[in-house]
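This report concerns the structure shown below. Please read it alongside the sequence and the coordinates.

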Amino acid sequence: MLSIQNLHAQIEEDGKEILKGLTLEINPGEVHAIMGPNGAGKSTLGNVLAGKDGYVITEGSVFYKGQDLLALEVEERAHAGLFLAFQYPVEIPGVQMLNFLRTCTNETRAARGLPELSGMDFLKLARAKAAELKINPDMLKRSVNSGFSGGEKKRAEVLQMALLDPQFAVLDETDSGLDIDALRIVAEGVNALRDDKRSFLVITHYQRLLDYIKPDHVHVLADGKIVRSGGPELAMELEERGYVDYEKAA
Amino acid sequence: MSQTLASLRQSGAESFAALGWPNRRVEAYKYSDFTSLTQADLGQTVAQPLAELSDQDGLRCYKPGEAPQALVDKIGSLVPLDDPLAAYSTANLDDVLIIEVAAKSKLTGPIVLDHRRLAGQAAFARYLVVVGRGAEAELIERYASNGQGASSPVIEVFVEEGAHLRHLRSQTEALDATHLGWTAARLERDASYSHFALNQGAGISRHNIRVDLAGAGSHLDLYGLHLLDGQQRCDSHTRINHNAPNTTSNEVYKSVVGGSGNSIFQGKIYVAKDSQKIEGNQMSRGLLLGPRARIHNKPELEIYADDVICSHGSTVGALDEAAIFYLRARGIPAAIAHKMMVEAFVQDVLDEVGDCAEVTAHWQAVISSYLTSVFADQDGQA
């Protein structure tokens with residue numbers, strides 16, 4: 001599914017290297033968690049996979065379903081089935097949520113050779129998915145993420161994920177700013193999408209999220225590299241001991 | 001030509017002879033020089049028919065020779081001849097159409113003033129609109145052309161006591177045309193006036209707006225859009241005079257500029273000495289679509305009363321890259337994402353344009369064709 005080899009990335013503006021030889025292999029149907037201290041490069045990894053400007057890849061490769069992911073435009077990556085759930089979903093005043101969701105769904109469907117959904121069909125689909133995520137349907141009439149609470153923003157991310165039907169989803173600190181109830185709803189939404197083909201990369205600072213989204217593999221990212229990999233028990237260990245060992249190493 | 005028009009024309013000519021075309025040393029023209037206009041930019045004066053209006057209940061139109069003297073006396077009373085462009089237009093005026101909405105009537109359809117100037121011509125449309133006490137009306141004013149030359153229209157609007165007027169103006173002239181427009185209005189007690197200005201056309205344009213809130217309790221809404229591309233220069237200059245207490249005004253201008261376009265907005269709110277309890281809010285926002293686009297916004301407040309609420313805000317920026325990335329990360333191609341962001345930027349002005357289907361459709365069509373061409377040009381440069 002996703003194969004990251006010796007990835008080096010630096011910030012374009014100041015040339016500071018953030019990822020320093022990251023290697024990671026994710027197979028279909030697997031859920032991987034990446035944990036690490038602040039500044040380890042967790043968000044950079046999500047941004048680089050989604051294609052955000054402002055980073056320079058100096059070394060290494062990322063192959064997604066056999067194709068060179070780094071050669072694709074941002075929207076092409078989305079069409080190919082990559083989804084990034086943002087740590088901080090962007091507020092876009094003036095762009096209505098429903099219009100945004102319909103545009104992204106239909107653009108993605110068109111790119112995948114699927115017929116466009118009519119306004120009515122789409123509205124039914126969006127309402128049904130929103131109800132599953134306990135999203136108030138009035139939210140669809142508001143501007144994208146504008147004035148949404150932290151929990152509403154994260155649920156809206158999962159709603160977009162459900163509509164876009166990705167093959168590989170990166171959840172960047174999806175637990176930040178959520179209370180337990182919101183966390184449970186978001187996790188249920190993610191778990192509903194788990195199957196033997198779809199893969200997830202869950203980026204988080206805290207073990208708490210992994211109580212709800214159970215990973216198959218856990219990795220520790222420190223100073224731009226995976227420094228340790230293991231099973232779910234690794235997350236428990238990190239929860240008890242913190243990142244102190246890894247911060248020293250960095 | 002009646003005696004009134006002849007003498008008005010004479011005053012305009014004298015004033016223009018003294019003032020000449022404004023250069024940038026004139027404060028009101030700080031960002032717009034008009035001294036380089038050529039004869040081709042201005043066109044040949046050809047007598048142009050004024051808009052023809054169909055009859056409807058409550059609406060009367062007059063030529064100056066037939067109108068009651070009280071109406072004729074209003075001609076030229078709002079537009080200041082010490083402005084060179086007002087003087088230029090007045091010096092060349094040929095005819096005036098006087099439009100009167102009878103007191104207490106509510107027109108069933110809009111008053112439509114449609115202008116299509118032909119290439120090479122100079123046009124000097126001139127209107128006086130009087131909305132009688134307690135009446136309600138909608139006025140649509142449109143300027144289009146198919147080539148070089150200038151339109152220099154002047155419209156004077158009186159909104160009488162308790163009357164309401166919505167005035168929707170669009171300027172979509174040819175890109176090599178010149179447009180020098182004047183709108184002047186006076187609001188009496190408890191009157192309300194909403195003016196919308198869509199500026200998309202002409203290579204060089206200037207729209208002067210001056211509104212006198214002369215009666216207590218009167219209210220003004222002023223909305224404007226500049227949609228520019230290529231080498232266009234568009235200058236809106238507005239002045240709102242709060243000359244009576246308890247008057248309110250709300251002004252929003254938005255500029256979207258691609259290519260090497262140059263958008264200018266100068267807006268002054270003036271509050272006279274005894275105009276207490278007034279509220280005047282102004283916002284000007286600009287969106288630059290490329291590295292050579294320019295926006296100059298100059299808000300001004302001139303306040304002589306002490307119990308007032310006045311605000312102004314001005315922002316200029318580029319499209320929000322974080323938002324564009326977010327849209328693209330959701331599978332929306334860059335070109336569509338850019339359009340969505342510009343549409344979102346102008347949406348609040350469009351929302352205010354309101355329920356008249358014809359007007360909304362026209363504005364949407366202008367915005368849509370602008371977006372198609374401005375982003376095609378951007379892509380062409382990339």
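## Basis and conventions

This is a predicted model, in which local features need pLDDT of at least 70, side-chain atom pairs count only at pLDDT 80 or more, and totals for chains, interfaces and linings use all residues. Residues are numbered from 1 along each chain as its sequence is written, chains are lettered from A and ligands numbered from 1 in the order in which they are written, and side-chain values use heavy atoms, with hydrogens and water left out.

Helices (H or I, at least four residues) and strands (E, at least two) are DSSP runs, numbered from the N terminus. Buried denotes under 20% relative accessible area, exposed over 50%, and partly exposed the range in between (1.4 Å probe, protein chains only).

## An open sheet in chain A

Four strands of chain A form an open sheet in the order β2-β1-β4-β5, with antiparallel pairing. Two strands are taken to pair if DSSP finds at least two bridges between them. In general, strands of a sheet pair through backbone hydrogen bonds, either parallel or antiparallel.

Eight bridges connect β1(A) with strand β4 (residues 55-64) of chain A in the antiparallel sense. Within this sheet, A:I11 has A:Y55 of β4(A) as its bridge partner. Strand β1 of chain A also contains A:N6, a residue other than glycine whose phi is positive, near 45°. A:N6 is partly exposed, at a relative accessible area of 31%.

## A buried helix in chain A

Which residues of α1(A) are buried? They are A:K42, A:T44, A:L45, A:G46, A:N47, A:V48, A:L49 and A:A50. Helix α1 (residues 42-50) of chain A is largely enclosed by the rest of the structure because eight of its nine residues are buried. Just after α1(A), A:G51 adopts a positive phi of about 100°.

Elsewhere in chain A, A:V218 lies in strand β11 (residues 217-222) and is buried, with a relative accessible area of 0%. Its C-alpha atom is separated by 8.8 Å from that of A:V31, although A:V218 and A:V31 are 187 residues apart along the chain.

## A negative surface patch

Residues A:E12, A:E13, A:D14, A:D53, B:D320 and B:E321 form a negative surface patch. Patches consist of residues with over 30% relative accessible area and no salt bridge, like charges being joined within 9 Å and nonpolar side chains (Val, Leu, Ile, Met, Phe, Trp, Tyr) within 5 Å. Accessible areas come from the Shrake-Rupley method with a 1.4 Å probe. Asp and Glu count as negative, Lys and Arg as positive, while His and the chain ends are not counted. A charge is placed at NZ of Lys, CZ of Arg, CG of Asp or CD of Glu.

One of the patch residues, A:E12, is situated in the loop between β1 (2-11) and β2 (17-26) of chain A. A:E12 counts as exposed, its relative accessibility being 55%.

## Salt bridges

Over all chains, the structure holds 30 salt bridges, each defined by a side-chain nitrogen of Lys or Arg within 4 Å of a carboxyl oxygen of Asp or Glu. In chain A, A:R184 bridges to A:D181, with the closest N and O atoms 3.6 Å apart. Both residues belong to helix α6 (residues 180-193) of chain A and lie three residues apart, about one turn of the helix. A:R184 is partly exposed, with a relative accessible area of 37%.

In chain B, B:R169 and B:E141 form a salt bridge whose closest N and O atoms are 3.7 Å apart. This pair links distant parts of the chain, with B:R169 in strand β10 (residues 164-172) and B:E141 in strand β7 (residues 136-145) of chain B, 28 residues apart. Both B:R169 and B:E141 are buried.

## A loop-to-loop contact in chain B

A salt bridge also joins B:D307 to B:K277, the closest N and O atoms being 2.8 Å apart. B:D307 sits in the loop between β19 (294-303) and β20 (308-318) of chain B, and B:K277 in the loop between β17 (262-271) and β18 (278-288), so the pair ties together parts 30 residues apart in sequence. B:D307 is partly exposed, with a relative accessible area of 34%, whereas B:K277 is exposed at 53%. B:K277 also has a positive phi of about 60°, although it is not a glycine.
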